Amino acid sequence: AGPKYPQMVQHPVYSPNLDYNEYYAALTQWRNSKRKQHNQPEGYADSLTDFWAKSIPEFLSGDGNRAYSPANLYLALAMLAEVTGGQTRQQVLDLLGADSIAALRTQAGHVWNALYCDDGETTSLLANSLWLDDACGYHEETVQLLAQKYYASVFRGDLGSEKMDQALQSWLSEQT
């Protein structure tokens, strides 16, 4: 399965030959599209403050150069909650400050949409993936949910094989 990213109106390119009214209308349409994509409910990130406050020191303390993306970890853990159940799922929900898997899906959607942009002026494509081993079973509904709700690419094969290692390297290269 693969993600189908939201389509955004592309930033209009100004040309001296372009009618000003047409350009202004296109610019207004682009601004409205961008505003709609990034317009998350007021306070949507408030529940993330505790997660960020606890996780940032864990990843950034110590010696050496360090980098950490709390949003990436949040989305990865949200995906983990989708593929687990019982006590494990509850521990992930508690860590992320979510009351339920449905609330987490909504919150993860807000985080993702607030950061995503592909409008011809700015490109910020968030890349998530799930790599499944042929030896393990999976639920097709879960795979589809990860592709639809988390925009995750899902791959299946013989993990550790040269073919899958190459697929992972190719995917990483395409995403960075």
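Of the 176 residues of the protein chain, 33% count as buried, and this value, like every other one in this report, comes from a predicted model. The C-alpha atoms of the chain fill a box of roughly 60 × 40 × 40 Å when this is taken along the principal axes. The chain has 7 helices and 4 strands, and, read along the sequence, these elements follow the pattern α-α-α-α-α-β-β-β-α-β-α. Among the contacts between residues at least 6 apart in sequence, 60% join residues at least 24 apart.

**Helix packing around H3**

Helix H3, which spans residues 70-82, packs against helix H2, helix H4 and helix H5, and the geometry of these pairs is set out below.

| Helix pair | Angle | Axis separation | Handedness of crossing |
|---|---|---|---|
| H2 (residues 48-60) and H3 | about 110° | 10 Å | right-handed |
| H3 and H4 (residues 86-96) | about 155° | 9 Å | left-handed |
| H3 and H5 (residues 101-115) | about 150° | 10 Å | left-handed |

H2 and H3 pack at an angle of about 110°, and the two helices are therefore roughly perpendicular to each other. In this pair, Leu 48, Phe 51, Trp 52, Ile 56 and Phe 59 of H2 meet Pro 70, Ala 71, Leu 73, Tyr 74 and Leu 77 of H3. Sorted by class, the contact of H2 with H3 has 10 nonpolar residues, with no polar and no charged ones.

For H3 and H4 the angle is about 155°, so these helices are roughly antiparallel to each other. On the H3 side the contact is made by Tyr 74, Leu 77, Ala 78, Leu 80, Ala 81 and Glu 82, which meet Arg 89, Val 92, Leu 95 and Leu 96 on the H4 side. By class, the contact of H3 with H4 has 8 nonpolar and 2 charged residues, and no polar ones.

H3 and H5 pack at an angle of about 150°, with their axes 10 Å apart. That angle makes H3 roughly antiparallel to H5. Here Ala 71, Tyr 74, Leu 75, Ala 78, Ala 81 and Glu 82 of H3 meet a set of H5 residues made up of Ile 101, Leu 104, Arg 105, Gln 107, Ala 108, Val 111, Trp 112 and Leu 115. The classes in the contact of H3 with H5 are 11 nonpolar, 1 polar and 2 charged residues.

**Cysteines**

The structure holds 0 disulfides. Cys 117 is buried, because its relative accessible area of 3% lies under the 20% cut-off. Cys 136, at 45% relative accessibility, counts as partly exposed.

**The loop residue Tyr 151**

Tyr 151 lies in the loop between helix H6 (140-149) and strand S4 (152-157). Its phi is positive, at about 50°, although Tyr 151 is not a glycine. The relative accessibility of Tyr 151 is 14%, so this residue counts as buried.

Leu 172 and Ser 173 are both found in helix H7, which covers residues 162-175. Leu 172 counts as partly exposed at 41% relative accessibility, whereas Ser 173 is exposed, because its relative accessible area of 54% lies over the 50% cut-off.

Each of these residues can also be placed relative to a residue elsewhere in the sequence. The C-alpha atoms of Leu 172 and Ser 129 are separated by 9.8 Å, and these two residues are 43 apart along the chain. Ser 173 and Tyr 150 are 23 residues apart in sequence, and their C-alpha atoms lie 20 Å apart in space.

Notes:
Residues are numbered from 1 along each chain as its sequence is written. This is a predicted model: local features need pLDDT of at least 70, side-chain atom pairs count only at pLDDT 80 or more; totals for chains, interfaces and linings use all residues. Side-chain values use heavy atoms; hydrogens and water are left out. A disulfide is a pair of cysteine sulfur atoms within 2.5 Å. Buried means under 20% relative accessible area, exposed over 50%, partly exposed in between (1.4 Å probe, protein chains only). Axes are lines fitted to C-alpha atoms, for helices over the stretch in contact, and angles run from 0 to 180 degrees between N-to-C directions. Angles under 35 degrees count as roughly parallel, over 145 as roughly antiparallel, 65 to 115 as roughly perpendicular and the rest as oblique. A crossing is left-handed if the near helix is turned anticlockwise from the far one by less than a right angle, and right-handed if clockwise. Contact means heavy atoms within 4.5 Å. Ala, Val, Leu, Ile, Met, Phe, Trp, Tyr, Cys and Pro count as nonpolar, Asp, Glu, Lys and Arg as charged, and the others, Gly among them, as polar.
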